[in-house]
Amino acid sequence: MIQVPNDLSFFAKLLFNGLGDELNLNNDSEVAIAIRGVIFLYLIILFLSILTYKLGFAKQLPILKSAIVYVVLAVGCMILTFFGLSLPIAEGLLISSVVLGIYRFRLHRERKDRPQSE
């Protein structure tokens, strides 16, 4: 039996719903819920990290350099997943993606409305 922490973040609480207070390693369904929760949390963090990177920091790179950036991002998200169980990593990435998305939208709209000087 493994004790399930009470201080899970919002996304982790959603994904680990149904485990209760203890994780029985002999119960296959509870182990499956735990593994599925960690994988989904990783995918959420990876998606939000890529979105944040694209909205705020990405520059046009050659394909190989871009692939290296995404591989390093995917490896880093594995580490962030374990922090994301108790810290609000996914929530912070969601907020930063929304803020950067609003910024990019307003910047695009401002550039479109600006009269073209010839």
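Helices (H or I, at least four residues) and strands (E, at least two) are DSSP runs, numbered from the N terminus. The views below show a predicted model, in which local features need pLDDT of at least 70 and side-chain atom pairs count only at pLDDT 80 or more, while totals for chains, interfaces and linings use all residues. Residues are numbered from 1 along each chain as its sequence is written, and side-chain values use heavy atoms, with hydrogens and water left out.

**Figure 1. Two annotated spans in the protein chain.** An unreviewed UniProt entry assigns the feature "transmembrane region" to residues 31-51 and 63-83; such annotations may be inferred rather than shown by experiment, and the positions follow the numbering used here, with feature names shortened. Residues 63-83 are 100% helix and 0% strand, with 30 Å between the end C-alpha atoms. For residues 31-51, the end C-alpha atoms are likewise 30 Å apart, and the span is 100% helix and 0% strand. The protein chain as a whole contains four helices and two strands, arranged along the sequence as β-α-β-α-α-α.

**Figure 2. The aromatic pair Tyr-53 and Tyr-70.** One aromatic pair is found in a search of the whole structure. Because the ring centres of Tyr-53 and Tyr-70 are 5.8 Å apart and the planes stand at 90°, the pair is edge-to-face (rings of Phe, Tyr and Trp, the last by its six-membered ring, pair if their centres lie within 6.5 Å; planes under 30 degrees apart count as stacked, over 60 as edge-to-face and the rest as tilted). Tyr-53 belongs to helix α2 (residues 28-56) and Tyr-70 to helix α3 (residues 63-83), so the pair ties together parts 17 residues apart in sequence. Tyr-53 is buried, at 18% relative accessible area, whereas Tyr-70 is partly exposed, at 25% (buried means under 20%, exposed over 50%, partly exposed in between, with a 1.4 Å probe and protein chains only).

**Figure 3. The largest nonpolar core.** This core has 12 residues: Phe-11, Leu-15, Leu-41, Tyr-42, Ile-45, Leu-46, Leu-48, Ala-74, Cys-77, Ile-89, Ala-90 and Leu-93 (a nonpolar core is a set of buried Ala, Val, Leu, Ile, Met, Phe, Trp, Tyr and Cys residues joined through side-chain atoms within 4.5 Å). At least two residues come from each of α1 (10-15), α2, α3 and α4 (89-113), and α2 gives the most, with five.

**Figure 4. Surroundings of Ala-90.** Apart from neighbours within four places in sequence, Ala-90 is in contact with Phe-11, Ile-44, Ile-45 and Leu-48 (contact means heavy atoms within 4.5 Å).
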